[in-house]
Amino acid sequence: MKIKTLSRSVDEYTRERSQDLQRVFHNFDPSLRPMEKAVEYKRALTAAKLEKIFARPFVGAMDGHRDGVSCMAKNPNYLKGIFSASMDGDIRLWDISSRRTVCQFPGHQGAVRGLTVSTDGNVLVSCGTDCTVRLWKVPRPTLEDSSVSSENFIEPAAEYVWKNAFWAVDHQFEGELFATAGAQLEIWNHNRASPVQSFQWGTDSVISVRFNPGEPDILATSASDRSITIYDLRMSSAARRIIMMTKTNSIAWNPMEPMNLTAANEDGSCYSFDGRKMDEAKCVHKDHVSAVMDIDFSPTGREFVTGSYDRSVRIFPYNGGHSREIYHTKRMQRVFCVKYSCDATYVLSGSDDTNLRLWKAKASEQLGVILPREQKKHEYNEAVKNRYKHLPEVKRIVRHRHLPKPIYKALGIIRTVNDSKRRKEDRRRAHSAPGTIVTKPLRQRRIIKEVE
Amino acid sequence: MGEKRRSTSKTLGKNKRRKGPHLPNSILKTIANEKRPLNSDEEDDEIDSDDAIVDLYEYEEGVPEEESRKNNRYDPVVNYNYELPEDFEDENVESDDDDEGGNSDNEEGEGDDVVRHTRMLQAVTGMPSAAFDGESKRKPVLFTEAYPESEFNPTRDVLEGKGLLTIDELMAPIEGKPGFNELEKRISRMQKDAQAVVHAPLPKPERERLERKAVKGLVDKEFNKWVHMVKRNREAPTVYFNQNVSLGYSTVGAIASEFQPRTDFEKKMASVLNDNELGEAHDEDGAKLLELNEVSVEDQIKYRDHIAKMRSLLFRHELKSKRIKKIKSKTYHRLKGKDLKKSAMGALMDPEMAKEEAMKQEARRVEERMTLKHKNTGKWAKRMISRGLNVKYDGTRAAISEQLQINATLSRKMNSTNDGSSSDESDDEEELNDGSDQDTPSKLIAKAREKTLKTVEDDEVPNSGLLSLPFMARAMKKKNEEAIEGGKRALEEYEEWENSGGEENPKKTAVVSGRRVFGATAKVEAPKESRKDSDNFYDNSDSDNDTEGIENNDLGAVRDTASPARNTGAITETEFDDDVENPASKTTFDVALFASGSWKKMKGCQNAETKKKLKKHVPYSKGQDKKESRDDESEDSESEAEEMVDGILTSASKETYEIPSQAELIQRAFAGDDVVDEFEKEKQEVLNQEVPEPEKPVLVPGWGQWTNIQKKRGLPSWMVREHEDAKKKRTLDLKTRKDARLRHVIISEKVDKKVEKLHTTTLPFPYTSKEVFEHSMRMPIGPEFNPATIVGSLNRPEVVKRAGVIIKPLKFEEANPNEKVDDEHPRSNQKQNPKKGGKTGKGQSKGKSKQKTKA
């Protein structure tokens with residue numbers, strides 16, 4: 001005879017500790033749960049609202065400079081260290097966790113325009129309008145750093161005077177070369193008093209330079225003749241150059257995609273290029289209403305942060321046309337430099353109001369230790385929100401950002417101007433012979449030509 | 001003639017160079033006065049030095065527009081130049097006298113030049129300077145051109161490709177000179193050796209361009225090698241950046257291995273743990289451990305003593321209980337029992353006692369529930385609360401709250417064993433109701449009879465719990481008697497119904513007609529009605545004829561009362577509705593309730609007409625007045641006709657009855673039904689709801705009515721216009737509706753806002769088809785709907801990183817040719833770290849290769 005019994009193993013239902021969760025058994029038959037989609041939609045909506053509620057991106061401001069912050073450099077080897085320099089020649093090392101100055105690097109006579117740190121985090125290179133390049137030895141981080149309030153000063157390890165003022169400097173990834181931009185592009189070695197290589201293409205001065213993190217011998221520069229140029233140090237020659245309609249203020253290479261770079265342009269847009277095919281941008285990132293001053297990629301390569309002259313910081317996805325996030329405060333002035341922290345969790349901005357500001361890269365992210373269940377919940381919320389983000393209610397909440405009035409107004413004006421341009425174009429096309437008026441796609445519109 | 005040419009050349013030069021801004025004459029004059037040429041070059045000075053005339057900036061008339069071809073008004077001419085005939089020879093070539101003159105200026109520097117020239121020749125040829133002496137004495141004949149010879153102005157010889165100097169020509173004059181042979185040899189050697197010829201370097205920009213072209217290719221190649229990694233990263237559903245994190249020690253073992261004993265105790269422990277002997281003993285079989293295990297004498301003694309103590313205690317307890325059991329004194333046991341009873345433990349021990357206790361508790365509960373003694377209903381409590389003293393004094397408040405507490409504990413429902421009966425009853429009722437809705441009438445009747453029988457038989461009085469109380473018992477008894485009586489009657493009725501069996505149909509209509517009551521009565525005499533209702537129900541069970549009589553009487557009476565009061569006399573089934581909604585049965589007995597239920601069912605099944613009407617009525621539960629639109633007369637006649645039918649039918653049960661034809665039946669059934677009209681009305685209503693009619697403009701009383709003139713004017717024109725516009729708009733809207741031309745269809749165009757929010761207006765960006773987009777949201781991802789094993793992977797974000805972990809830029813890895821092997825198992829591979837994936841890929845490839853070799 002067959003007897004059906006309920007079997008309930010004690011092992012399955014007994015908790016090891018009283019803090020353990022009771023095991024819950026589900027029947028996953030979808031016919032038992034006809035409302036699952038509705039439930040998830042509601043959850044998505046709630047998640048979107050919660051995200052808005054918890055969106056508090058501003059972590060803190062670092063106050064200490066006496067002039068506008070002109071440039072920053074992050075220590076690639078030490079998360080808490082960030083270097084910043086101001087227009088009065090002051091260079092400081094900050095401890096991000098305590099948000100205090102650790103030490104200062106006095107010596108520059110004019111504005112410091114470029115700052116970079118070697119990959120091992122031992123050497124800081126600074127250059128500026130006083131025509132000098134200075135090398136500093138970075139102090140080892142010790143435990144007392146955060147507690148010591150007295151600021152110590154550090155003497156430069158080397159000081160090289162050169163012929164022209166400098167606009168930017170960048171250090172090679174895992175090497176001992178660094179490049180300065182000024183009247184021309186110069187490559188320096190740590191141990192030489194004069195540049196080991198010098199490049200000039202055209203007569204205009206170079207305003208920004210950035211080494212490729214994946215390919216240490218390739219670097220990109222932008223010049224005041226509105227050009228972007230890629231150089232290869234091994235061949236000691238330039239490779240490509242394009243001329244755009246407006247000047248490029250800064251360049252950033254994607255650390256996870258060594259062939260791709262993004263240029264922060266004066267016209268308020270950023271242009272992502274493929275280094276192999278520069279005659280057309282891969283993506284145009286629009287949203288800023290004024291010149292983009294600086295750009296830095298997230299180490300994950302999925303996002304980049306930009307600082308703009310319109311007093312805002314924005315975070316863009318690497319392949320998205322519009323920003324994911326805008327950060328602004330009432331007191332933040334023109335942003336001159338931005339950096340993404342090495343763990344892709346924070347964003348730093350330096351602005352004209354002499355302050356460095358620390359932001360969370362994800363506005364509603366929970367900081368601190370997160371328990372696994374909490375983490376799972378966050379992930380679920382995120383996933384559900386992501387799934388229903390196209391539906392109007394969720395979309396509205398997720399996309400909503402409060403904008404400062406000037407930016408809001410400027411956006412309106414830009415929209416109007418673009419609309420009228422498009423209208424005019426449409427009319428022109430409608431009233432001329434078919435095929436006579438060819439419109440360039442947006443991705444090529446701002447590129448004048450590629451120079452051979 | 002030479003002078004002439006020179007002057008022409010000069011003017012030519014002037015023409016070339018003196019193009020400048022077209023200045024007004026006055027300015028030109030001042031410039032001339034200052035004797036400063038505006039754009040004088042060095043060459044200018046050179047040329048002008050011999051004439052030394054005041055140099056005037058000549059104003060040049062611009063070329064007329066027609067000639068400058070700015071506006072192509074004339075036909076284009078291919079070539080403006082005058083075509084010279086083929087045999088034309090330039091006379092200029094032969095004329096050399098002017099050159100002689102021109103050259104006279106340079107004679108001063110001649111001497112130096114000669115010396116230098118010979119020196120150069122010496123260096124080139126390696127021959128003594130004497131060889132060239134003769135040459136230097138001869139005056140060289142020089143041809144000068146109008147412009148210095150350059151790449152832009154080559155000599156005519158060069159242009160024509162003739163007159164090129166060859167080495168032989170150069171060598172001819174020095175033939176026979178000392179060292180000539182040697183030189184000739186060298187030259188011939190050079191001519192043979194074509195490889196050694198060095199070409200002139202390319203211009204710098206050209207050179208750089210070529211260089212860049214080469215570099216471009218190399219850089220592209222460099223970039224291309226990353227493509228596979230980038231592709232993999234981009235296509236991965238999740239990218240991991242939290243791997244390879246060394247946060248010091250990761251395991252307990254690792255931490256423990258670093259442990260150094262510091263204190264004495266730790267050292268002692270360490271010495272034992274690291275004891276070689278002990279370790280060996282452990283490793284072998286453990287037998288040696290026994291030898292090592294020394295137990296001290298003191299410990300052993302302590303343990304033994306403890307056991308002995310425990311034993312003696314147990315023994316003593318046993319003795320005591322025996323002694324107590326032996327005591328025969330009743331007083332003692334009574335007192336002991338009391339003690340036990342007092343304690344809650346006692347109740348737990350003895351089942352009888354527990355029962356008693358429960359009874360008492362129940363009684364107390366009932367009393368409490370009836371009197372609400374402890375619910376602050378007492379005089380004292382009321383006074384305290386009314387004066388607010390309970391707020392003021394803690395003691396009072398405590399007392400009051402204590403009372404409430406007592407009330408709560410007392411009136412709490414107890415789970416005694418005898419409680420079930422009442423709940424069972426209610427359950428049965430529910431069950432019955434449910435059943436009555438679904439079953440067929442015959443079944444229902446059978447069921448009902450069964451039920452009634454059961455209740456009739458089952459008249460035992462519960463002898464415990466709440467119902468065992470005397471007053472309750474009395475009430476129960478009375479109720480039971482009633483119920484039994486009613487039940488018996490009901491049984492009879494059921495029998496009759498069953499007997500009538502096949503002719504259920506007429507029976508039912510009769511019953512229905514009997515139930516029909518006019519709305520007037522329902523409204524006027526509601527209380528009486530309900531009483532009558534229950535009454536006539538029981539009467540109903542006696543005999544059909546009787547019922548009918550009563551009903552007819554009733555009907556007549558109602559009609560008498562109603563007709564003078566209202567002329568409408570419309571039939572309303574509110575009575576019926578009332579009956580359904582708050583039936584008298586609720587108050588009477590469950591059999592009655594059941595009966596009414598069954599009756600309702602029957603009615604619903606059988607009488608199509610009433611059903612129709614009922615349906616019509618239900619939505620307009622409030623709008624009873626609307627029904628008055630019905631024709632009074634026809635209604636009356638109809639009801640009468642029905643009665644007649646009833647009469648016939650009741651007789652037909654005994655006599656022969658001819659079944660009417662189908663069409664007739666239908667006609668009769670839908671006699672008063674104008675379905676089309678109904679539908680039109682309904683449609684109109686929907687239209688009015690969706691496209692509401694504009695409100696008629698109304699003046700607020702008192703406004704615009706101050707004077708006669710104002711009154712005469714009527715409504716302001718703008719109001720009228722607005723109204724007209726709204727009306728027009730409405731008609732237009734109605735016309736554009738989808739169902740405007742479909743007479744028998746209502747297509748609602750109301751937008752459901754709740755549904756709208758679940759739709760997107762356009763297809764979102766990454767999706768290319770609607771189906772795919774919908775599919776992406778089909779399966780839920782929550783932990784409630786999925787097993788725990790896949791929830792993690794369903795919800796995983798695109799980028800997994802950890803705060804505080806530095807992310808390094810991408811490191812180059814060679815493309816793994818065995819990647820495709822991994823793709824066969826995407827499920828296992830897709831969530832892996834790219835780096836890890838590479839490693840596992842390698843591992844797999846190894847495995848594969850092994851397998852291959854085996855095969």
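Author: Start with how elements are named: helices (H or I, at least four residues) and strands (E, at least two) are DSSP runs, numbered from the N terminus. In chain A, R99(A) sits in the loop between β4 (91-95) and β5 (100-104). This is a predicted model, in which local features need pLDDT of at least 70 and side-chain atom pairs count only at pLDDT 80 or more, while totals for chains, interfaces and linings use all residues. Residues are numbered from 1 along each chain as its sequence is written, chains are lettered from A and ligands numbered from 1 in the order in which they are written, and side-chain values use heavy atoms, with hydrogens and water left out.

Reader: What is the phi of R99(A)?

Author: Phi of R99(A) is near 55°, a positive value in a residue other than glycine. S236(A), not a glycine either, has a positive phi of about 45°. The place of S236(A) is the loop between β17 (227-232) and β18 (237-244) of chain A.

Reader: How is S236(A) classed by its accessibility?

Author: The classes rest on relative accessible area: buried means under 20%, exposed over 50%, and partly exposed in between (1.4 Å probe, protein chains only). S236(A) counts as partly exposed because its relative accessibility is 36%. R99(A), at 31%, also counts as partly exposed.

Reader: How many salt bridges does a search of the whole structure find?

Author: The general idea is that side chains of opposite charge can pair when their charged atoms come close. A salt bridge is counted when a side-chain nitrogen of Lys or Arg is within 4 Å of a carboxyl oxygen of Asp or Glu. The search finds 47 of them over all chains. One joins the side chains of R240(A) and D220(B), at 2.6 Å from N to O. That pair crosses between chains, with R240(A) in strand β18 of chain A and D220(B) in helix α10 (residues 204-224) of chain B.

Reader: Is R240(A) buried or exposed?

Author: R240(A) is buried, because its relative accessible area is 6%. D220(B), at 17%, counts as buried too.

Reader: Which residue forms a salt bridge with R234(B)?

Author: The partner is E257(A), and the closest N and O atoms are 2.8 Å apart. This pair also crosses between chains: R234(B) is in helix α11 (residues 227-235) of chain B, and E257(A) is in the loop between β19 (248-253) and β20 (260-265) of chain A. R234(B) is partly exposed, with a relative accessible area of 42%, whereas E257(A) counts as buried at 4%.

Another salt bridge is made by the side chains of E452(A) and K216(B), at 3.5 Å from N to O. It runs from E452(A), in the segment after β30 (447-451) of chain A, to K216(B) in helix α10 of chain B. E452(A) is partly exposed at 42%, and K216(B) is buried at 11%. Salt bridges with shared partners also join E215(A), D217(A), D232(A), R234(A), E222(B) and K225(B) into one network.

Reader: What polar contact does the side chain of E186(A) make with W162(A)?

Author: A polar contact is a pair of N or O atoms within 3.5 Å; within protein, one must be able to donate a hydrogen and the other to accept it, and residues adjacent in sequence count only if both atoms are side-chain atoms. The side chain of E186(A) contacts that of W162(A) at 2.9 Å. A polar contact of 2.8 Å links the side chains of E186(A) and Q184(A).

Reader: Where is D225(A)?

Author: D225(A) is in the loop between β16 (218-223) and β17 of chain A. It is buried, with a relative accessible area of 15%. Its side chain makes a polar contact of 2.7 Å with the side chain of S227(A).
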